[in-house]
Structure formats: structure tokens, C-alpha cells
Amino acid sequence: MPRSATARLEDLKDYPLPAPQLVWKAAGTVSASNLTWTRRAFNFERVLAETFVLSVPFWWTPLLPAVIAVTSAVAVLRLRDAFIYPGEGTPAEATADSLVGASAIVASQLLLWFVAPSLMMEPALLARGTVIGMLSVSLLRAYFHLKTPEYDPDRQRAAGWFKSTWRIMAMWLVACITLIFSSIEAVPGGLVRNFLLGFCPVMSFFLALKLQSDTLQGLFRRHEPITIFTDPVEVELSAKKNALWQRSDIVLSQCFEVVFFVVLAFPLVSAVWRWLDGSAADVDWPQVATNFAALVTLAYLWTQIKKLNAEALRQIDEALAERREEALST
């Protein structure tokens, strides 16, 4: 329930009302609070932006199923705005946004399965659109909420930032893997090529993550032993900091990051090459166009994810500094 409705429902317990009347008043309180806070949190420009971003992965799909899926997610997100108003723009909030929106899309398709099965979307198209679309919308909403004056980044705990940032990175990587296999189907090729296109991006991403560090010691990082003179909390926070994506001074790490996006774009580039060569009869051009739009979106989202990592690093650094100051003062 929205925060205002919780306090009002607590007050209802102090009135000696019959059960039916209590249920009626409770339902009225919740619905009125939802409408009030949904109206207060409503922003027309943001609704248009969310609708456009969410609809991009559903291009070249049947119109009516796509409209039903997008409308369901956008409508449920309006109700969610009432629950989180004014919104803090945290990674945890963005993760919940994506899960709520994805649940609304899946629920709409389950309802169609009972009512009008012919209007259901193909599972592959539904999965691709849901993953890429909701990831994009959740990061867009996080960016919007970050701009609200009520946002205070110092309130967030370092461990919460770490978990939430990694959840978003995992969701983004799942969207990239979905795009890889979708591109392989859109631009058919040999088994060796398909294996390399599926294997190389994942390996290059994790190699770049392994090599990232503020210093060259990131290449030779080891687990340090814990003794009676070691602060285990500080060790844990340092380990979390080292596990985040950082600005690296190792050129090889940056090369692997470039390789990751080059491999993602390779099937789309090869489709254009086949068209110029006159051998593109088996290329699914609507799918190629959709995947190109998704690739551009994911590339932009990666820049925002790295900013989220930088913010998580700042939070952990502040927590480490405060803990060290407390240790020195005692």
C-alpha cells in the first residue's frame, strides 16, 4: 500500500466497526490513496518516454498483442509510482520496477491465453521484448528519480548498492545474451560461427571484469587472510568494491570491453555485407532492424550501468572511510 494508506488503515482499528463496514472502509481508503498518489506522481512526458522505450523491442511483432503487452506494463507502473512516490532512483528500486513491469506483461499474456489465445504473442518475441524493454524502462525510471530533489544517495547502505548494482548488471547481460541468439537466428551461419558468437561475448565480458581495477594489482588480487588484527567488515567491503566494474588503467581490459560490443554487432554487420554481396536471401531483415535498435539501446544502457557502478563505489568508499575514522578515534 502507499505510505499514506498504511497510517489510515492503522487508525481504522481504533473504531468499533462491524466487519463488513470495516472491510468497506479499508477498501475505500486504499483505493482513494492509490488514486491520489498515482495522480500526484503522474508525469505525462515520462509516460510517453516509457511507452516509446518499452515498445522498441516489440517492433515487427503483431500490433494488437504488442499494444496489450506495452499498455499493461505502463499501466501497472503508474500504480507502482503511487507506492514509491517520490522515488529515490536506487538500483533496488529500478530492479523492482523491472520485475513489476515484466510480471504485468506476462500476466496480460496469461489472461489472453484464457480469453483469446489467438492474440497471444510468440514466446520468443515475448521473452526478448520483456527482457530488453523492461531493463530499458527501469533504468529510464531510475534516471528520472535521480533528478528529484528528494533523492539522497548518502542514505543508501554500501552492501545494498553492491547487490542492486550487480542485479542490474546481470539483467543487462541476460538481455545481451538474448540479443546474441536472436541475431544468430536472424542471420543464419555455420555451427562454428554460431558457437563463437555465443561464446566470445560472454568470455570477453568476464575477462574485462576480471582485469578491471584502480591499480595494476587487480591482475594479481588474492584473498587476504583474516587475523585478530583484521576488521572483517572492512575486508568484506573491500572485496565488494573489487568485484564492481571500475575505471581500469589496464588497456587489455578496455580491449575486451570493445570486443564484447564488436561481437554483438557482427551478425548485423554481416547481414549488411550479404546484402551488398547479393547473398542475403535467408536474412530476416525485420529482426535485424529490431536487433539493431536493441543493440543501440543496450550500448547506451551500458554507459548508465557504469555510472551506477561508480556510485556504488563511492558509497563503499564512504563507508570504508567512516569505519577507519571510527577505528582511529577509538
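Is Asp97 buried or exposed, and what is its relative accessible area? Asp97 is buried, with a relative accessible area of 2%; buried means under 20% relative accessible area, exposed over 50%, and partly exposed in between (1.4 Å probe, protein chains only).

The model is predicted, so to orient the selections that follow: local features need pLDDT of at least 70, side-chain atom pairs count only at pLDDT 80 or more, and totals for chains, interfaces and linings use all residues. Residues are numbered from 1 along each chain as its sequence is written, and side-chain values use heavy atoms, with hydrogens and water left out.

**The whole chain**

Of the 330 residues, 42% are buried. Contact means heavy atoms within 4.5 Å; among contacts between residues at least 6 apart in sequence, 83% join residues at least 24 apart. The chain exposes about 18,500 Å², of which carbon and sulfur atoms supply 68%; accessible areas come from the Shrake-Rupley method with a 1.4 Å probe, and for residues only the protein chains shown count as cover.

**The charged network**

Next, select Asp97 and Arg80, whose side chains meet in a salt bridge (2.3 Å, N to O). A salt bridge is a side-chain nitrogen of Lys or Arg within 4 Å of a carboxyl oxygen of Asp or Glu. Asp97 lies in helix α5 and Arg80 in helix α4, so the pair ties together parts that are 17 residues apart in sequence. Arg80 counts as buried at 14% relative accessibility.

Arg46 and Glu50 form a salt bridge (3.2 Å, N to O); both lie in helix α3 (residues 44-55), four residues apart, about one turn of the helix. Arg46 is buried at a relative accessible area of 6%, and Glu50 is buried at 1%. The side chain of Glu50 also meets that of Arg78 in a salt bridge (3.1 Å, N to O). Because Glu50 lies in helix α3 and Arg78 in helix α4 (residues 63-84), this pair ties together parts that are 28 residues apart in sequence. The structure holds nine salt bridges.

**The nonpolar cores**

Now select Trp172, Phe205, Phe260, Leu298 and Trp302. These residues have the most contacts inside the largest nonpolar core, which has 38 residues. A nonpolar core is a set of buried Ala, Val, Leu, Ile, Met, Phe, Trp, Tyr and Cys residues joined through side-chain atoms within 4.5 Å. Helices α6 (123-146), α7 (158-186), α8 (191-211), α10 (251-277) and α11 (285-329) each supply at least two residues of this core, and α7 gives the most, with ten residues.

Centre the view on Trp172. Not counting residues up to four places away in sequence, Trp172 touches Leu135, Phe205, Phe260, Phe261, Leu298, Leu301, Trp302 and Ile305. A second, separate core of 16 residues includes Val47, Leu54, Phe58 and Ala73.

**The surface patch**

Finally, display the surface and select Val106, Leu110, Leu111, Trp113, Phe114, Val115 and Met120, which make a nonpolar patch of about 750 Å². Patches are made of residues with over 30% relative accessible area and no salt bridge: like charges are joined within 9 Å, nonpolar side chains (Val, Leu, Ile, Met, Phe, Trp, Tyr) within 5 Å. Leu110 lies in helix α5 (residues 91-115) and counts as partly exposed at 45% relative accessibility.
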